[in-house]
Amino acid sequence: MEMQRISGVVADDDDKVIGYRKGCFISRPVGAVLIILFIIITTAVGLIIFFTHPNKVNGCEVCSCEVSRGLAATLSPEAQWEQCQKLAEDRGECACPSSPTTAMPPTTPPAATTPPRAEGGLRLNRTLIPSHYNIELKPYFYEGDDFGFDGSVEIHLTCEEKTNVIVLHINFITIHEETVKIHDAMGNELKLASWEEDKSRHFLKLHMAEDLNVSSEYVVKMSYNGTLIHPDWRGFYRSSYVKDNQTKWLVTTQFQRTHARKAFPCFDEPSFKATYSVTMVRKANYSSIGNMELLNTEDRGGGWHADVYKKSIKMSTYLVAFVVSDFTYKENTTSRGTYMRIWARPDQIDLVDYALEVSGAIMEFFEDYLDSKYPLNKTDQIAIPDFAAGAMENWGLVTYRLGRLLYDPNYSTMAQKRGIAEVIAHEFAHSWFGNLVTCDWWDDTWLNEGFARFFQYEAIERVHPTWRELQYAVRTLQFIMGKDGTGASQPIFVEGIEHHDDLLKAFDTITYNKGGSVIRMMKFILTAETFRKGLGKYVDKFAYGTTVHNDLYAVLEQQAKDDGMVRWDDSVTNFTGIMDTWIEQMGYPVVKVTVDQNTNMHLKQEHFLFDENDTLSYQSPFGSYIWDVPVIYTTEADPSQESAVWLYREQEKTQVIPAKNSQDWLLANIYEQGFFRVNYDAAGWGSLFAQLNNNHTVFSIENRAQIVDDALSLAKAGIVDEVSGLSATEYMGEEDEWLVWYPATQALTYIDLMLRDTVTYGLYQKYMLARLAIQYGRVGWDDSNIDEHMEKYQREVVLRHACRHRHKPCLDKASELFAQWMLDPSNNPISPNLRRLVYCNAIRNGGATEWEFAFNKYTEYNEAYIASELTYLRDGLVCTREPWIIKKHLDYALSIVSTSSVQLLAQNPVGYQIVWDYFSDNWYNIPGRDNVHVNRGSVLTTLTEGFNTEYHLNKLHDFIAAHPTNGYNATYTSLIERTEKNIKWMQKNKTPIENYLNTKTGGASAQQSASYMRIKEERAPRGELYGIEEEGDQFDNDNIEVNLGLLEL
Ligand SMILES: [Zn+2]
């Protein structure tokens, strides 16, 4: 999960509202006293609820922490702890469970400790190959139980190489020594000489008295017990929900990537595929679910029943799953006969309707596309209250976080609805890419996750054609280009993955999002039909097996040859060679396209970096960073004509193009299919901007989004000047598409941040408002038409930014809608899509009454457990400008160790100073819980994100000098570097941008100047200049695409 973007607030006018204007009135002074007294009392109690609410959607009590090996080696224990907590925060978890004085926090119950990293390899060798497991489990999670379980396992294996030791994976289970038995195929027991447990490598080693024979089969049996208490929610673990003030327990699993070993001894690597026969022993009034259909249920007496499941198809251990709960389900059957059930707690079962509606259609899309029947007869899907990842593709039993599966028309946004369809599509894609055909090892995880990311868009295009597949370019490709444009990125194919900690790299956002983007480029290179047919053959050829990426390339290349679709110069390279440049290198190129007087087109590629001085964390295996780049372009002379030219690991190339004259525009990377940016010379950009201003619809929506994103990103990197970047947005008032506004507002974030505390911000705001006002008038506030999917996105982004830039009609409407709700609290008139922005703006511009109302609603929804409303209200409440309430927020956020909540407060202009002062005074004495504290480095990073003056730099140096801290040197250095970089940016760009904005706006209005000066004066006594903050990006927070980047799906 990605750390949630944080809501901020605007501080400007004085608070004027005491008591609600349209309600019954009492005298202002009396009202103020009564309200403040009431708030003091309710806040004291309420904030405890507010912050300690056991948010099972986004939160947790503790978490696991894994710091990558390379990083751990360079950090002090405390720094490791800080890093660990940051990772936890990034995943949306809350806090780590043990003291920073320990070297590494435990990943499971406090009684256990994480052993030091082992010397030697952690991979199993392939001397023994498992073929089948018989597993019986009996969890104890009923009233009075201690949350343990009993288990027994019988593993059938074949000896491939002579050995006298059997090595299995186990973790957090205790083997009953006397039960360990090894038999040969004839049933003869073999003598066990000794056994040992290598805890650091999760190995159970059974030393045999004699060698095992090559090609012979053996059976290993043992009984054991384990724990269901895994606070990291990984392994076989307990979960719960509260109904009628009673805690209801269930048990569930999350085995990817290395956690099946917590439930049963096994060969816990993806390439050891086997079959499984599972028996689950449960109490009679509960039910169980497994990967396969239930065969029968045995009465074991004493109220115990045993559910016996059909032998599974062949699969990896990480895909095994089981759940025992009191949940209920809804069902249907697809046209091809696949039985589908979706499970939820009984009082939420009606929220599965939408998921059930789309699941069948999504399943059928994959079956049609790949011409491959879903391999099982049934699929269960279930919403789990405590779930660390977003969802998990266990074969036949897909598990989800609540918000990823349950849709409530009264509270869910369109983005959440789309998110549900996309996650289901992502998980069903895994049935083929991941489950049926599995990456041989986690260094090729993109063969699972890249395809799942790619297909979640393709499937939705089928199920909801109006939702627009072309969101891929904006929501995934441009998003990951932003991440991949630094020296700290990593290749898609990550060599050297071995230790458990290294797996974080294998499941990095690059794996998902760049993996999917490169697959999308493959489709473009091969053409859609050749790509589709090739994938069908790939899943057929490697079904129930594993692959490396060359296996994929070989099948696709053969398909291209068969179809006559070899669209590259075979004498120069082949498909494998082309793809290697995209898989084995981090980053991507920027291709500069220039056209000379003779209409010769010159192409030149360079490694794109936002900061050319970045240290590169990986060296290119090709000597220098260079790619095989497919450049498709069109020209003004004939926009319908698309031409292609390749740059084959060569830096420059010249080609004659069919332009009428050298002033024509030329547009490259049509539909943004290729994973690279395009730069032009000044004339080239100028002709494109002129076309945008004259008639932007000549370009496709994707290309408009691409021009805006490329121009602003190249400006941020200093490759073109910032004025050129801004020029791409001049026409935006006429741009009706969210698919262009979204990347524009994302890419403008940096300029916005840098200008906030300058006089130029008034001009910038005027420039933005001139464009936003046109769209504001067009989209309006009526959000009731359910068919307007993309328009709802556009409405939200336009209203959010209009309100943020103080567009008065927007602010008035937000307050009006909130006031209507206050008058009739049982009837919320605000569209779920707009609630986040309305709540924040109404509370920010309101007073104690608005805050109190929102707070009471928070308490009410907390009891009813309406998660999305809790999120909107929580973010809205922090928009208050009441310093004493902010201080209370801060105290509680610190006490429950919520780094993200403190960051939220640090982005509130009023809260900023409170947080800064507090951390300055208490850097070494931050309160916490169980000796755990918020991540000071993350908070300081947020506090200093807008630092861009010499004053700021001195202030930062002073802070660092006053707070020397072990393990913080790297953080301090990076903050200084960031500030210096910002100062340089300001020196270079502020005046040109100001001149440009003056030209385009006619100068700042007197009202804006006055407003600005008042802000400065209000803040001056505090000695701080901090400005208007951005609200949380609703579609980032809710945007499944962005979130999925870091989720384990
Ligand atoms: Zn996935």
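Student: In this predicted model, is His-607 buried or exposed, and what is its relative accessible area?
Tutor: His-607 is found in strand 25, which spans residues 600–607. Burial requires a relative accessible area under 20%. His-607 is therefore classed as buried, its relative accessible area being 17%.

Student: Which residues is His-607 in contact with, leaving aside its neighbours within four places in sequence?
Tutor: Contact here means heavy atoms within 4.5 Å. With neighbours within four places in sequence left aside, the partners of His-607 are Met-586, Gly-587, Tyr-588, Pro-589, Leu-616, Tyr-625 and Trp-627.

Student: Where does UniProt place the feature "binding site", and what is the largest C-alpha distance?
Tutor: The feature comes from an unreviewed UniProt entry, which lists His-426, His-430 and Glu-449. These residues are spread over 24 residues of sequence, yet they cluster in space. The largest C-alpha distance is 8.5 Å.

Student: Are His-430 and Glu-449 buried or exposed?
Tutor: His-430 is found in helix 5 (residues 414–432), whereas Glu-449 has its place in helix 6 (residues 446–463). The relative accessible area of His-430 is 0%, and Glu-449 is likewise at 0% relative accessibility. With the cut-off for burial at under 20%, His-430 is buried, and Glu-449 also counts as buried.

Student: Which residue does the UniProt annotation "active site" cover, and what is the relative accessible area of that residue?
Tutor: The annotation, from an unreviewed entry, covers Glu-427. The place of Glu-427 is in helix 5. Glu-427 is buried, and its relative accessible area is 1%.

Student: What is the handedness of the crossing of helix 4 and helix 6, and how do the residues of the contact divide by class?
Tutor: The crossing of helix 4 and helix 6 is right-handed. Helix 4 contributes Val-358, Ala-361, Ile-362, Phe-365, Phe-366, Asp-368 and Tyr-369, and helix 6 contributes Phe-455, Glu-458, Ala-459, Ile-460, Arg-462 and Val-463. By class, the contact of helix 4 with helix 6 has 10 nonpolar, no polar and 3 charged residues.

Student: Are helix 20 and helix 22 parallel or oblique to each other?
Tutor: Helix 20 (residues 808–823) packs with helix 22 (residues 848–864) at an angle of about 60°, and their axes are 11 Å apart. The crossing of helix 20 and helix 22 is left-handed. Roughly parallel would require an angle under 35 degrees, and roughly perpendicular one of 65 to 115. The orientation of helix 20 to helix 22 is therefore oblique.

Student: Which residues of helix 20 and helix 22 meet, and how many of the contact residues are charged?
Tutor: From helix 20, Phe-818, Trp-821 and Met-822 meet Thr-849, Glu-850, Phe-853, Ala-854, Lys-857 and Tyr-861 of helix 22. The contact of helix 20 with helix 22 comprises 6 nonpolar residues and 1 polar residue, and the number of charged residues is 2.

Student: Why is helix 25 largely enclosed by the rest of the structure?
Tutor: Helix 25 runs over residues 899–906. Its buried residues are Thr-899, Ser-901, Val-902, Gln-903, Leu-904, Leu-905 and Ala-906. Helix 25 is largely enclosed because its buried residues number 7 of 8.

Student: What is the phi of Asp-371, and is Asp-371 buried or exposed?
Tutor: Asp-371 lies in the loop between helix 4 and strand 19 (378–384). Although Asp-371 is not a glycine, its phi is positive, at about 50°. The relative accessible area of Asp-371 is 68%, and values over 50% count as exposed. Asp-371 is therefore exposed.

Student: Where is Trp-233 found, and what is its phi near?
Tutor: Trp-233 is found in the loop between strand 9 (217–227) and strand 10 (235–243). At 11% relative accessibility, Trp-233 is buried. Trp-233 is a residue other than glycine with a positive phi, near 60°.

Student: Which residues does a cis peptide bond join, and what is omega?
Tutor: The cis peptide bond joins Gln-256 and Arg-257. Arg-257 is found in the loop between strand 11 (246–254) and strand 12 (275–283). For this bond, omega is about 10°.

Definitions and conventions
Residues are numbered from 1 along each chain as its sequence is written. This is a predicted model: local features need pLDDT of at least 70, side-chain atom pairs count only at pLDDT 80 or more; totals for chains, interfaces and linings use all residues. Side-chain values use heavy atoms; hydrogens and water are left out. Axes are lines fitted to C-alpha atoms, for helices over the stretch in contact, and angles run from 0 to 180 degrees between N-to-C directions. Helices (H or I, at least four residues) and strands (E, at least two) are DSSP runs, numbered from the N terminus. Angles under 35 degrees count as roughly parallel, over 145 as roughly antiparallel, 65 to 115 as roughly perpendicular and the rest as oblique. A crossing is left-handed if the near helix is turned anticlockwise from the far one by less than a right angle, and right-handed if clockwise. Ala, Val, Leu, Ile, Met, Phe, Trp, Tyr, Cys and Pro count as nonpolar, Asp, Glu, Lys and Arg as charged, and the others, Gly among them, as polar. UniProt positions are given in the numbering used here, feature names are shortened, and annotations may be inferred rather than shown by experiment. Buried means under 20% relative accessible area, exposed over 50%, partly exposed in between (1.4 Å probe, protein chains only).
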